Amino acid sequence: MKTSITYREIWVIAYPIIIGSVAQNLLNITDTAFLGRVGQVALGAGAIGGIFYLISVMLAWGFGIGTQIIIARRNGEGLLKEIGRTFQHGFYFQLPLALALFSLMQFFSGDILQQIIQSEAVYEATREYIRFRSYGIFFACINMLFRGFYIGITKTKVITWTTILMATVNGILDYGFIFGNFGLPEMGISGAALASVIAEFSATVFFIIYTLVKLNGRRYGLYQILRFDDSLYKRIIWVAIPMMMQNFISMAAWLIFFLFIEKLGEQALAVSNIIRSFYVVLMIPMWGFSSATNALVSNLIGQGRQEEVMSLIFKVVRLCALGVLFIVTLGSLFPGAALQIYTNDPDLINASLPALYVVNISALFLAVGFVFFSGVSGTGKTQVSFLIELIVILFYLATAYILADLLRKEIYIVWMAEYFYAFLLGIMSYFYLASGKWKSTKI
């Protein structure tokens with residue numbers, strides 16, 4: 001059955017998230033660009049340290065997506081007061097999670113990194129980065145919960161404003177703290193971490209102020225003083241935990257991928273950090289459209305319109321593929337200009353060019369696979385989406401290990417493991433959705 005949801009309606013939900021993702025990636029680009037001018041060690045350490053931190057953030061993001069799925073379902077059912085209850089119970093989980101993750105990074109990250117990083121210089125720089133960056137986890141956990149709330153109720157414009165604010169604050173403070181400008185201390189890689197923490201804090205403050213001033217919180221039951229509901233808490237965890245683990249293993253796989261590459265040398269690691277940052281730019285439309293898919297699928301099911309789900313997903317796939325194709329075209333036409341954003345080292349630019357073409361092609365496959373995959377989690381079958389991710393990741397890492405560690409192939413060939421990941425993710429997700437086994441799911 002064709003869905004009555006139009007391309008315009010999908011775009012209205014997706015574009016604020018896409019714009020927000022643009023701003024978020026300006027943060028990543030800024031960090032990489034500035035650290036690329038500090039040196040190869042700082043660039044490589046920024047890659048590993050950034051991914052190590054993002055592994056923790058992915059747990060918070062996964063929980064945010066879990067609450068988003070439930071909020072979107074209640075929104076579709078018209079049970080708006082239940083949205084506030086879900087949001088509040090989300091805080092009961094996120095705050096202890098933030099404390100646990102902060103403790104892990106502060107007290108145990110050094111021991112973990114020492115076991116997995118060969119270069120002493122890269123290890124010391126990475127440890128220094130995480131020591132400062134870990135404070136941002138408290139604000140990240142809160143921000144992810146707000147993000148899930150606003151996407152779930154399909155009011156996504158605030159995500160744009162918070163992310164633009166965060167990217168602006170980060171860019172200014174990066175320039176100040178890394179190089180010692182504006183009268184600030186010259187902190188190098190530690191300055192990049194501190195700037196990001198302050199930027200995340202600014203986003204948290206903006207979310208809170210916006211919610212109090214602009215949103216009709218009483219409509220969603222946000223300001224009710226509620227008793228702890230054990231059954232609701234368990235229901236949220238049942239949906240959210242697989243999303244947390246799914247995001248965790250996905251980012252952990254990227255860390256392992258970079259550790260394989262680190263054994264190929266500091267230049268290979270620096271090249272991969274540049275390519276990772278560029279690849280993330282290619283994924284900007286995917287995040288916006290996949291979040292829209294997730295919320296709209298759950299909303300449709302809440303309205304009893306399960307037969308429209310596949311039609312909706314195909315519409316989103318078309319929009320997402322066009323968005324990615326636009327960025328890929330620019331990157332293919334002006335590859336040198338794209339790489340000069342990240343480094344002024346001609347050797348690094350030349351070494352990065354082949355891998356850039358590899359991820360350009362990979363992104364087109366991933367644009368399709370990512371939307372189908374988000375459709376699976378949007379049905380509420382988060383245990384299935386976790387299983388799909390786990391299987392795909394295992395094959396992906398096996399491929400990367402063979403190429404990098406056993407065959408010692410050139411860096412651009414190692415990045416071809418992304419083809420396998422994108423294709424398998426899309427195929428498995430499509431066949432599960434086509435099976436219709438998710439149609440009677442209750443959350």
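Leaving aside its neighbours within four places in sequence, with which residues is G375 in contact? Counting a contact as heavy atoms within 4.5 Å, G375 meets T293, V297, I313 and L433. The model is a predicted one, in which local features need pLDDT of at least 70 and side-chain atom pairs count only at pLDDT 80 or more, while totals for chains, interfaces and linings use all residues. Residues are numbered from 1 along each chain as its sequence is written, and side-chain values use heavy atoms, with hydrogens and water left out.

G375 belongs to helix α14, where helices are DSSP runs of H or I with at least four residues, numbered from the N terminus. Its relative accessibility is 0%, so G375 counts as buried; buried means under 20% relative accessible area, exposed over 50% and partly exposed in between, with a 1.4 Å probe and protein chains only. The C-alpha atom of G375 is separated by 8.0 Å from that of S429, although the two residues are 54 apart along the chain.

**How the helices pack**

| Helix pair | Angle | Axis separation |
|---|---|---|
| α11 and α14 | about 25° | 8 Å apart |
| α11 and α12 | about 170° | 9 Å apart |
| α12 and α17 | roughly 155° | within 10 Å |

Angles under 35 degrees count as roughly parallel, over 145 as roughly antiparallel, 65 to 115 as roughly perpendicular and the rest as oblique. Helices α11 and α14 are therefore roughly parallel to each other, and their crossing is right-handed, a crossing being right-handed if the near helix is turned clockwise from the far one by less than a right angle, and left-handed if anticlockwise. On the α11 side this contact is made by M286, W287, S290, T293, N294, V297, S298 and I301, and on the α14 side by residues including A363, L366, F370, S374 and G375. The residues of the contact of α11 with α14 divide into 9 nonpolar, 8 polar and no charged, where Ala, Val, Leu, Ile, Met, Phe, Trp, Tyr, Cys and Pro count as nonpolar, Asp, Glu, Lys and Arg as charged, and the others, Gly among them, as polar.

Helices α11 and α12, by contrast in direction, are roughly antiparallel to each other. Their contact draws on P285, M286, F289, T293, L296, V297, L300 and I301 of α11, and on α12 residues among them V309, I313, V316, C320 and I327. By class, this contact of α11 with α12 has 15 nonpolar, 2 polar and no charged residues.

Helices α12 and α17 are also roughly antiparallel, and α12 passes α17 in a left-handed crossing. Here M310, I313 and F314 in α12 meet Y430, L433 and A434 in α17, a contact that divides into 6 nonpolar, no polar and no charged residues.

Helix α17, with 19 residues (417–435), reaches 28 Å from its first C-alpha to its last, close to the 27 Å expected at 1.5 Å a residue, the expected span being 1.5 Å times one less than the number of residues. Its buried residues are A417, E418, Y421, A422, L424, L425, G426, S429, Y432 and L433, and they pack against α9, α10, α12, α14, α15 and α16. After α17 comes G436, whose phi is positive, near 75°.

Helix α5 has 14 residues (120–133) that should span 20 Å, and its end C-alpha atoms are 20 Å apart, which agrees. Its buried residues are V122, Y123, A125, T126, R127, Y129, I130 and R133, and what covers them includes α2, α3, α4, α6, α8 and α10.

**Single residues to look at**

S291 lies in helix α11 and counts as buried at 8% relative accessibility. Apart from its neighbours within four places in sequence, S291 is in contact with I17, Q68, R147 and I151.

Note on methods
Axes fitted to C-alpha atoms, helices over the stretch in contact; angles between N-to-C directions. Helix = DSSP H or I, 4+ residues; strand = E, 2+ residues; numbered from the N terminus.
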